[in-house]
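Here is a report on a two-chain complex. Please look through the sequence and the coordinates before reading on.

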Amino acid sequence: MEVMLTVDNLEKSFKDKKALKGISFEVRKGEIMAILGPNGAGKSTTIRNIMGIMYPDSGSIKFHNHQGKEIPRNKIGYLPEERGLYKNVKVMDILLYLADLKDYPQDKAKERILMYLKKFDLEGKEKVSIEELSKGMGQKVQFIGSILHEPELLILDEPFSGLDPVSQELFKEEIRSLADKGTAILLSSHQMNLVEEMCDRLFMIQNGQKVIYGTLDEVKTKYANFKCTIRGKNNLADLEAIPMVQRVEEKDETTVLYLDQAVNPTSWLKSLPDSINVQELKINRISLHEIFIDIATNKNLIQEAGDSNA
Amino acid sequence: MRNSMKIAKWEIKRNLKNKSFVIGLFLTPLLILGFGFLGSLFDSDDEPEETTVFVNDQLEIYDMLAETVAQYDLEWEIHQTKLAEDAIQDELENGENTAYIFLNEESMENGVIPVYTTDEIDSSFSTSVQLLANPLQQVRIAQLNLTDEEIAIISSGVVFEETSAEDYHASGEQSTIEENPLEKLVPGLFAGVILFAIVITGMMIFQSASQEKKDKIAEIILSSVTPGELMNGKIIGYFVLGIIQVVVLLVFVIPFAVTKIDEPIIEYLLVPETLLLVLIAVLGYLLFAAIFVGIGATMADMSTSGNFQGLVMMLPFLSFALIGPVLGDPSGIIAKVASYIPFTSPGVLIMRLTVLEEWPWVEIAIAVAVLIVSILLFMKLAGKIFKVGILMYGKNATPGEIWKWIRS
């Protein structure tokens, strides 16, 4: 697939704190690429550097399909993390203005605005002033503003934050369909379930450093090992003695056994000793959500999993 | 530049659609007219009332006095009276705006003429009454039986005629036609109004920049344009809004002024001097606009502004503090120095050029040059501050931080 954006070895410091320590990734045409990471990991900083709102200390950002050094602002759609619109203007006016700034023809923009307002359940709101809209509605208007000019590259910083489930679903569908039409999409989020459902590739970042980078499937097979959750009163030492168990976590009467990568679930189940007290037993893969929590809380699960795979 | 124009257009449109701006737009001239009208109301109260003047004339020169009164158009109602000096006590106590003049041999000889007035008397009376001194003096001289020549010499008196070195050289082309003070005043007033209106509108730039931060829309806009374009767009946009304010003001005030004031105001306005004055006003705007847009980007909202920002906001009003000394001595040291300080120079220059007969061209050139250089400098600084400040959410920048941005 055609690469639209390459970020290479990006570094940026604020005062003495290094916010980005050599970030590299690329975004391809027609894919959804997710930047994941806990608050303060450097997601928004990375995106702002791409948008030219900040300048990196070192490293390069290259927009393919585009000659010259300047950022092809007209071809990029951007939804920043900090949400806001002018308060006392009408929905139609501000959207037309945003389209105009992108050099998008006004008549075509008008058509698309009405189409999108309808799609996002805001039909008839074009003459309403922004301050009369609810927060969610405002966010929809902003989202429309970022995709109105048919960008080739769409950058969404936390697009789902503050949305109700229905609107989340709407956004998800629209983002997916834009990707299917060939838009390269870079989105940042900390809502793992949503990202897991929609992204093609992901880049996980912690403390300004890459933790994981790859396609969703790769990441899942590589990092998302099986884990077995057992409810029942057991001796910790007994559980740790079970073969292929990397780590045991105990909480009240529930124990989670993290298994080796190479484990075969059925044969492993057979190897469980009879002495174990099982009220309930569940075996499944570690979810992105858990990987994320692990990273955010600085446990070294990933490191271990990564090392054992190395 | 194209993007700047788009932003300028947007700012203009947004404000013109904003009710409070439109109300303000029309309220300003109405207020000015209102005060003008109120002023004329009070004026008409002050209109000099006719003073009743009784003359006890024992010299038979009443007719001559009446003639003088008519000649100077005094607001007097003049009568002859036979009342003696000691009989007017009652009349004075009960009367109002009344005066008694006693002309007799004795007073003519002394040259001191007793005038008795009521407690309430028109304020202009004591000056008006002096006008009678001259004809009375003539009468006294005539009594001396001199020749006409002698009379002419005596009554002409002695005056000093002053000629300064400059006038001495220029005496050849000296014109004796007295210039109408309004003729000089009108272009200056016009430029002053422009400066004031666009600086006031310029303060909206400040609001607009900090509002952009508060509404958190800056990042979206900056994904389409560069910070420099955004800043320039705002400066241009608010300049046009200021001009719109001036035009609305003039549309209201000029017809009013033309009908109220009996002078060819339009003619006075359409002189080349107006152009220079307006240029100075525009330069003043650009300077303050650059400062405001930069400072506006450093703060989240007006209510949390620190002392530093507050001080900067007061800069345009510095020239108001100098009105007294500058008008008092338009070529004095304060006026000269203030012309070279960029913050005060637009206001002070306009004041000085309005008052001064001869324009100090060298000083004007230097002052304008200083102004232009500082505009370029402040635009550059504002650009740097704006770039960082506009994206800093949630807190105001300290002067230390601003200094760091400038140096970076």
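Helices (H or I, at least four residues) and strands (E, at least two) are DSSP runs, numbered from the N terminus. The model is predicted: local features need pLDDT of at least 70, side-chain atom pairs count only at pLDDT 80 or more, and totals for chains, interfaces and linings use all residues. Residues are numbered from 1 along each chain as its sequence is written, while chains are lettered from A and ligands numbered from 1 in the order in which they are written.

**Confidence**

The predictor assigns the complex an ipTM of 0.77 and a pTM of 0.71. Its confidence in each residue, from 0 to 100, is the pLDDT. For chain B the average pLDDT is 79, and 89% of the residues score at least 70. Among the elements of chain B, α1(B) has the highest mean pLDDT (89) and helix α9 (residues 165-170) the lowest (58). Over residues 171-177 of chain B the pLDDT falls below 50. Beyond near neighbours in sequence, that stretch has two contacts in the model. A contact here means two residues whose C-beta atoms, placed from the backbone, lie within 7 Å.

**Chain A overall**

Chain A holds eleven helices and 13 strands. Its C-alpha trace spans about 75 × 45 × 40 Å along its principal axes. Of its 310 residues, 37% count as buried. Buried means that 20 or more other C-beta atoms lie within 10 Å of the residue's own; exposed means 12 or fewer, partly exposed is in between, and C-beta atoms are placed from the backbone. Among contacts in chain A with a separation of 6 or more, 70% link residues 24 or more positions apart.

**Domains**

In chain A, 13 residues of domain 1 are in contact with eleven residues of domain 2. On the domain 1 side, α6 (192-198), β8 (201-206), β9 (209-215) and α7 (216-223) of chain A each supply at least two residues. The most come from α6(A), with four residues. By class, this side has eight nonpolar, two polar and three charged residues. Nonpolar covers Ala, Val, Leu, Ile, Met, Phe, Trp, Tyr, Cys and Pro; charged covers Asp, Glu, Lys and Arg; the others, Gly among them, are polar.

**A three-stranded sheet**

In chain A, three strands form an open antiparallel sheet in the order β2-β1-β4. Strands count as paired if DSSP finds at least two bridges between them. The edge strands are β2 (17-28) and β4 (58-63) of chain A, each pairing on one side only. From one strand to the next, the twist averages 15 degrees. Strand β1 (residues 3-14) of chain A is joined to β2(A) by nine bridges. Across this pair, A:Val7 stands opposite A:Phe25. Helix α1 (residues 43-50) of chain A packs on the sheet and touches β1, β2 and β4 of chain A. The direction of this helix makes about 115 degrees with that of β1(A). Axes are lines fitted to C-alpha atoms, for helices over the stretch in contact, and angles run from 0 to 180 degrees between N-to-C directions.

Helix α2 (residues 91-101) of chain A is largely enclosed by the rest of the structure, because eight of its eleven residues are buried. Among them are A:Val91, A:Ile94, A:Tyr97 and A:Leu101. The buried residues of α2(A) pack against α3 (106-119) and α4 (135-147) of chain A, and also against α1 and α11 of chain B. Just after α2(A), A:Asp103 has a positive phi of about 65 degrees.

The contact between the chains takes 20 residues from chain A and 16 residues from chain B. On the chain B side, α1 (2-16) and α11 (218-222) of chain B give two or more residues. The largest share, four residues, comes from α1(B). This side divides into seven nonpolar, four polar and five charged residues.

A:Arg247 is found in strand β11 (residues 245-251) of chain A. With 15 C-beta neighbours inside 10 Å, A:Arg247 counts as partly exposed. A:Arg247 and A:Leu194 are 53 residues apart in sequence, and their C-alpha atoms are 28 Å apart in space.

Terms used: pLDDT = per-residue confidence, 0-100.
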